[in-house]
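I set out to look up the fold of this protein and to record what I found. My entries follow the structure below.

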Amino acid sequence: MDVLIIERDELVGDMLAETLDVEGISAEVASDDEAFMLPVDDAPQLVITGINRGHDEDLRGLKLVTAMRRKWPQICVIYLSALWPVRLRHEMLGARGRFLTKPVRLPQLVRTVRELLQSGMCHSSADSPKSR
């Protein structure tokens, strides 16, 4: 799998995955729990997730990605959110991260996914030097 979409709204997740699949990019949708249960050797190259993942869970998407990067340090991330905490922008994105404002334009999402996947910076665990 190239891309893991972590989205609590199943219809939105399915639409994003279908859009990427049509463009030749392998994508799967998962809940937070399903993402954590993926085996270490089944890492995606890129994760797409929101920042605020619930009304009472401010910035949960950031915590989720932090935990996932402990498991898969080489993954790239695209954060989707209508609101962007400016104070975190430089701290968390780095070279392997991007931010897109919701509602996201699908052509922009596809371009950003392709840019990251083709950059050579995103690696699944099977591609990382640590797993060899």
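I began with the accessible surface of the protein, which comes to about 7,400 Å², with 52% of it belonging to carbon and sulfur atoms; the areas come from the Shrake-Rupley method with a 1.4 Å probe, and for residues only the protein chains shown count as cover. I note that the model is predicted, that local features need pLDDT of at least 70 and side-chain atom pairs pLDDT 80 or more, and that totals for chains, interfaces and linings use all residues. Residues are numbered from 1 along each chain as its sequence is written, and side-chain values use heavy atoms, without hydrogens and water.

I next looked up burial: 45% of the 132 residues are buried, meaning under 20% relative accessible area.

I then listed the elements, and found five helices and five strands; these are DSSP runs, with helices (H or I) of at least four residues and strands (E) of at least two. From the N terminus they run β-α-β-α-β-α-β-α-β-α.

I traced the sheet as open and parallel, in the order S2-S1-S3-S4-S5, where pairing requires at least two DSSP bridges. Strands S2 (27-30) and S5 (97-101) stand at the edges with a single partner strand each, so one side of each lacks a neighbour in the sheet.

I checked two pairs. S1 and S2 pair over four bridges, and Ile-5 stands opposite Val-29 in S2. S4 (residues 76-81) and S5 pair over five bridges, and Tyr-79 stands opposite Phe-99 in S5.

Technical notes
Buried < 20%, exposed > 50% of the residue type's maximum accessible area, 1.4 Å probe, protein only.
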